[in-house]
Amino acid sequence: MKNYTVTVNGTAYDVTVEEKGGSGFASAPAAAPKAAASAPKAAAAPAGGAGSVKIEAGASGKVFKIEKKPGDAVKKGDTVLVLEVMKMETPVVAPQDGTVRSIDVTEGKPVEAGDLLATMD
């Protein structure tokens, strides 16, 4: 059995998936929505110099590699860091040209969808 969190229209649901002998997957009934996941998270503002553009996790996973540091100039689409999501390396890219102002995670740290990863200007 595997547990996943699936977000549909901004509401997060816990889903348990049971493997059926070689014929694929069959899902068990989904649990009630997670209230904490659908409510905005109150993250502490990063220390001085934090940028106005937030880079947030699109999915739950683990920080695999940080490729940029505060002060680095980036172009739209440049990889800022890499998340490991469901055993796959998933690049997190800069949404616009600018300068990285803060990296708010460390390598190896688990993150949830919507967590603040970095800021930039």
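The accessible surface of the protein comes to about 7,700 Å², and 54% of this area belongs to carbon and sulfur atoms; accessible areas come from the Shrake-Rupley method with a 1.4 Å probe, and for residues only the protein chains shown count as cover. The structure is a predicted model, in which local features need pLDDT of at least 70, side-chain atom pairs count only at pLDDT 80 or more, and totals for chains, interfaces and linings use all residues. Residues are numbered from 1 along each chain as its sequence is written, and side-chain values use heavy atoms, with hydrogens and water left out.

The protein holds one helix and eleven strands. Here helices (H or I, at least four residues) and strands (E, at least two) are DSSP runs, numbered from the N terminus. Read from the N terminus, the order of elements is β-β-β-α-β-β-β-β-β-β-β-β. Of the 121 residues, 24% are buried, where buried means under 20% relative accessible area, exposed over 50%, and partly exposed in between (1.4 Å probe, protein chains only). Among contacts (heavy atoms within 4.5 Å) with a separation of 6 or more, 49% join residues 24 or more positions apart.

The phi of M86 is near 50 degrees, a positive value in a residue other than glycine. K87, also not a glycine, has a positive phi of about 70 degrees. M86 is exposed, with a relative accessible area of 62%, and K87 counts as exposed at 76% relative accessibility.
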